[in-house]
Amino acid sequence: MLDQFKNRIILPCARTLWILAASFAPFVLPVLADNNPPGVQLSTSHATPREVEDTTQKAIVRDYSAAWSALTDALINNDASALDSAFTGIAHDQFAARVRDQLKTGLHTQVIDRAHDLEAVFYSPEGSAMELHDTAQVEIQVVDGGTVIHSEETTLHYVVLMTVAEDRWKVRVLQSEK
Amino acid sequence: MRNICYILLTLAVCWFAAYVAHAQTGGLKIPDQVSAGEGFTIPTSGSGDATFYLVGPGGASKRSIHLGDEIKVAPEETRTAGRYIAVLRLGRENNSKTFFVTPGKPAALNFLARPSRVPAAKQDAISGVAFVFDDYKNLVMAPAPVNFSLSLEQSAPTMRTVPTKDGIAWTQMNSSRSQGAAQFVASLPATDVSVRRVVQQVAADACDLHMRAQNTGKAIVVETDPIRDCSGNAVPDGTIVTFTEIDNHGRSTVDARVKRDIARAELPLSDNATISAATGVVLGNEVHIGIGIGATGGER
């Protein structure tokens with residue numbers, strides 16, 4: 001009786017569940033992969049005139065990574081308030097304007113940043129401002145309504161200016177260059 | 001066989017449609033690089049309606065265009081430096097091109113001056129960092145000279161010209177020997193762009209702290225000479241001077257504030273005491289009080 005129950009009910013159910021789980025894997029795994037924070041490698045050996053302290057290095061990696069996360073959220077959801085925690089000044093104003101324009105035109109931008117190779121080139125004498133160069137591996141999709149109108153995987157170079165604000169470093173300039 | 005023919009025919013039709021659409025939109029003829037705030041036109045060929053998108057770091061636009069007409073990109077659409085994506089969409093066909101907008105000429109400065117208050121006559125105590133921007137708040141990456149000037153009233157300014165590197169010029173300067181409000185100015189040569197900050201230069205630590213003591217019969221009155229730093233600047237009122245009296249009964253300490261350059265205090269009467277004065281890290285002289293001998297002492 002028990003064997004019959006096992007063969008007729010338990011095993012087919014287990015098989016079905018396994019097949020269902022396996023069929024969802026291709027969808028679930030990339031999502032999990034995308035939720036991983038992007039790799040941010042920071043080099044400070046060329047930073048002048050001040051040497052970058054260990055705690056500052058950790059803070060820069062944490063806050064720059066958070067800034068990209070905020071930017072991708074803002075651009076895909078067209079939510080400028082997502083920028084507030086990580087951007088300030090010029091960069092905040094520029095990206096907020098971009099979000100406003102996207103809202104007006106019905107566009108969305110999906111940015112997936114795969115990796116950032118950051119190099120600190122300037123750390124101000126009093127320790128309140130830092131300029132960095134970022135070589136970023138990104139995937140960009142521009143979407144109009146439900147239609148992808150542009151899609152690319154590319155390497156971009158950014159000049160980044162970060163300044164101390166409240167309890168963290170915020171991005172003040174994020175300017176891509178050739 | 002018939003089915004295969006249908007499939008091949010369908011593929012050929014799709015390919016032809018895509019080819020025609022691409023031929024109509026053509027490759028987008030956009031320069032690889034334009035300067036911030038410069039408009040330009042994009043020629044198109046073919047006929048019919050299409051949609052043109054322009055997505056940049058500081059904005060996004062979408063508009064219908066007629067193929068065969070020029071697409072006009074206005075100067076205000078390319079104010080923000082960075083990478084832009086232009087897309088021409090005809091039916092289901094997208095033709096995109098990326099290009100860069102580069103910063104314009106230096107036209108604005110952000111200036112960080114630190115600290116706001118600094119002791120006089122201190123080497124490299126004042127730092128100034130200037131960030132150079134164009135008219136549209138883009139960081140100007142091309143080298144540009146920045147003038148720094150630090151001046152105190154009635155003294156010659158210290159001037160320095162520093163070229164920017166990656167949009168930043170910085171300098172360190174000595175504070176002058178006199179106290180007062182120093183004007184620290186960063187400016188762009190050959191323009192009227194300048195930013196001024198005030199750095200308050202104050203007296204440094206006291207130099208040659210000297211005091212005298214007097215037995216008045218009720219107490220021992222101690223008083224310093226006018227307290228000045230090594231450049232001759234009077235230390236600010238409120239600076240604390242600590243007087244310490246040591247005798248057979250133990251130690252007495254009084255903290256007195258400098259008022260009009262002088263600190264003054266009264267210590268308990270004693271017939272055999274050693275009194276010393278100190279302010280910050282600076283020690284003054286010692287004075288010895290004995291029975292009937294008044295005060296004697298010397299420099300320490």
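**Figure 1. Leu152(B) lies in a loop of chain B, between β11 (145-151) and β12 (158-163).** In this predicted model, Leu152(B) has 20 other C-beta atoms within 10 Å and is therefore buried, since 20 or more such neighbours is the cut-off for that class. When its neighbours within four places in sequence are left aside, the residues in contact with Leu152(B) are Ser176(B), Ser178(B), Gly180(B), Ala182(B) and Gln201(B). Asn110(B), by contrast, is 42 residues from Leu152(B) along the chain, and the C-alpha atoms of these two residues are separated by 22 Å.

**Figure 2. The strands β11(B) and β14 (residues 180-187) of chain B pair in the antiparallel sense.** Five bridges make up this pairing, and within β14(B) the residue that stands opposite Ser151(B) is Gln183(B). The strand β14(B) is also joined to β15 (residues 194-202) of chain B, again in an antiparallel arrangement, and here the number of bridges is eight. In β15(B), Ser194(B) stands opposite Ser187(B). The strands β14(B) and β15(B) form a hairpin in which six residues come between them, and Ala190(B), which belongs to the turn, has a positive phi of about 65 degrees. As background to that value, most residues other than glycine have a negative phi.

**Figure 3. Five strands of chain B form an open sheet in the order β1-β7-β6-β3-β4, with mixed pairing.** The edges of the sheet are taken by β1 (33-35) and β4 of chain B, each of which has a single partner strand, so that one side of each is left without a neighbour in the sheet. From one strand to the next, the twist averages 25 degrees.

**Figure 4. Two loops of chain B hold residues that have a positive phi without being glycine.** Ala121(B), whose phi is near 55 degrees, is placed in the loop between β9 and β10 of chain B. This alanine is buried, because 20 other C-beta atoms lie within 10 Å. Asp166(B), with a positive phi of about 55 degrees, lies in the loop between β12 and β13 of chain B.

**Figure 5. A cis peptide bond is found in each of two places, from Thr48(A) to Pro49(A) and from Arg114(B) to Pro115(B).** Most peptide bonds are trans. For the bond from Thr48(A) to Pro49(A), omega is near -5 degrees, and Pro49(A) has its place in strand β2 (residues 48-49) of chain A. For the bond from Arg114(B) to Pro115(B), omega is near -10 degrees, and Pro115(B) is found in the loop between β8 and β9 (117-119) of chain B.

**Figure 6. The two chains are set out here by their secondary structure, with three helices and six strands in chain A and one helix and 25 strands in chain B.** Along the sequence of chain A, these elements follow the pattern α-β-β-α-α-β-β-β-β. Of the 178 residues of chain A, 31% count as buried, while in chain B, which has 300 residues, 35% count as buried. Among the contacts in chain A between residues at least 6 apart in sequence, 55% join residues at least 24 apart. In chain B, residues 24 or more positions apart account for 56% of the contacts with a separation of 6 or more.

Conventions. Residues numbered from 1 in each chain as written. Chains lettered and ligands numbered in written order. Predicted model: local features only at pLDDT ≥ 70, side-chain atom pairs only at ≥ 80, totals over all residues. Helix = DSSP H or I, 4+ residues; strand = E, 2+ residues; numbered from the N terminus. Buried ≥ 20, exposed ≤ 12 C-beta atoms within 10 Å, placed from the backbone. Contact = placed C-beta atoms within 7 Å. Pairing = 2+ DSSP bridges. Axes fitted to C-alpha atoms, helices over the stretch in contact; angles between N-to-C directions.
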